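Here are my notes on the model, point by point. Have it open while you read.

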Amino acid sequence: MSTRTRYHLAQFNLGTLRFPLGDPRMADFLSLVEPVNALADGTPGFVWRLVEEGEADATGMRPAGEDVIVNFSVWESAEALWDFVYRSGHLETMRRRREWFQRHVDAHLVLWWVPAGHIPSVGEALERLALLRADGPSPRAFTFTSSYTAEEAAGADAGAVSAGTLSAGTGPAAL
Amino acid sequence: MEDIDAIALLQDPVRRRLYEFVAAQGREVGRGEAAEAAGVARTLAAFHLDKLVDAGLLEAGSRRLTGRSGPGAGRPAKVYRRSAAERDVSLPARDYRTAAGLLAEAAETAGLDMELQDAARRRGRALRGQGASFDDLDQLADVLAGRGYEPVLDDDGAVLRMRNCPFHTVAEQFPPLVCGMNLALLEGLAEGSRVRVRMDPRPGWCCVAAAPSKNNEH
């Protein structure tokens, strides 16, 4: 099996709400959540997205702060994710992001490779984002403009294991 | 080959016709088809098409044009499409691409999406000129063609899409910022017209599409 099929790309991003979701100024955003999620689900290369138990989406989850909503998904390739984020109806929500979300000074989107079949946890995602914020882009936590291949990530993890610096939960058992 | 040498190759009228034909198709084009469009013999077309490939203006591939395969299908035909590489020459030398990238990076960091969209909408209005408007998609297409968008009407003539993004390099680096700017620019341009622009991105095309507006709009 090639690394392309053995690894999938996880993406996690934060959005700090300008107003509570119940505020009328967020109505346009809320009305786009369901169709955009449906679009993602039907996009070639889509693997998984975070959904709160018993809900249709993850907008009620607040793992990163009371006014911070999260978007968490897994894709077969960076190209599939890129085309969905920037070359589909999803771009419309991005274009209007400043109406609904505060600007982030720190990194707010992180990408990393996961073994195909592994569903990453929110804890893992927050850890990868912290890694990106602390050390800048690396094969273990990167962005669209500074991306790494699954091969580079596998190599970096192997190196980290031998150096004994890998934290629990992201170790070789997960890869 | 330097940009100026590659561009100078298009001085030859046959080469220029071939290049423009291939670019306008937005797909792979065979030698025979290109020769016919340029009104020259196939061997001459082949010679010039390969010159354009050498210059990096076109890319060549091979394809079985008949759709047959296996023994008896014949050799795959050589096909051409426009190269993704950008060529530009400015005299005296100017470097607006670096400036645009830096300004976009600063605007992205500062979260200036709305300010940029406001400026773009104003610019769009100014480009249209006072009192002017578009009665239909053909009129809008003429103006967009002049600005490098390469507009194409879809089969039933109901939607106008743009094959080229004039802001491609910065749009790839900062998509929401630059695509939002582009939409606002075209919204300003089409304001008060019987055509309406909207965001409708798809891979390989400009993020904006235009359609006739419904009667209750504007």
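1. Helix α2 of chain A runs over residues 27-41, 15 residues in total. From first C-alpha to last it reaches 22 Å, close to the 21 Å expected at 1.5 Å a residue (the expected span being 1.5 Å times one less than the number of residues). Helices here are DSSP runs of H or I with at least four residues, strands are runs of E with at least two, and both are numbered from the N terminus.

2. Before going further: this is a predicted model, so local features need pLDDT of at least 70 and side-chain atom pairs count only at pLDDT 80 or more, while totals for chains, interfaces and linings use all residues. Residues are numbered from 1 along each chain as its sequence is written, chains are lettered from A and ligands numbered from 1 in the order in which they are written, and side-chain values use heavy atoms, with hydrogens and water left out.

3. Look at Val33(A): α2(A) has a kink of about 30° there, shortly before the proline Pro35(A). The bend is the angle between axes fitted to the seven residues ending at a residue and the seven starting there.

4. Val33(A) is also one of the buried residues of α2(A), along with Phe29(A), Val36(A), Asn37(A) and Ala40(A). Buried means under 20% relative accessible area, exposed over 50%, and partly exposed in between, with a 1.4 Å probe and protein chains only. Their cover includes β2 (46-49), β3 (68-75), α3 (78-86), α4 (90-95) and α5 (97-100) of chain A.

5. On to the interface: 14 residues of chain A are in contact (heavy atoms within 4.5 Å) with 22 residues of chain B. In chain A, Arg87(A), Arg95(A) and Arg97(A) lose the most area to chain B, together 45% of what that side buries. Buried area is the accessible area (1.4 Å probe) that two parts lose on being put together, summed over both; for chains A and B that comes to about 1,600 Å², 59% of it on carbon and sulfur atoms.

6. How many salt bridges are there between chain A and chain B? The count is 3, a salt bridge being a side-chain nitrogen of Lys or Arg within 4 Å of a carboxyl oxygen of Asp or Glu. Arg97(A) forms one with Asp113(B), the closest N and O atoms being 2.8 Å apart. α4(A) gives the most to the side of chain A that touches chain B, with 4 residues.

7. Finally, check Arg161(B) in strand β5 (residues 160-162) of chain B. Why does Arg161(B) count as buried? Because its relative accessible area is 15%.
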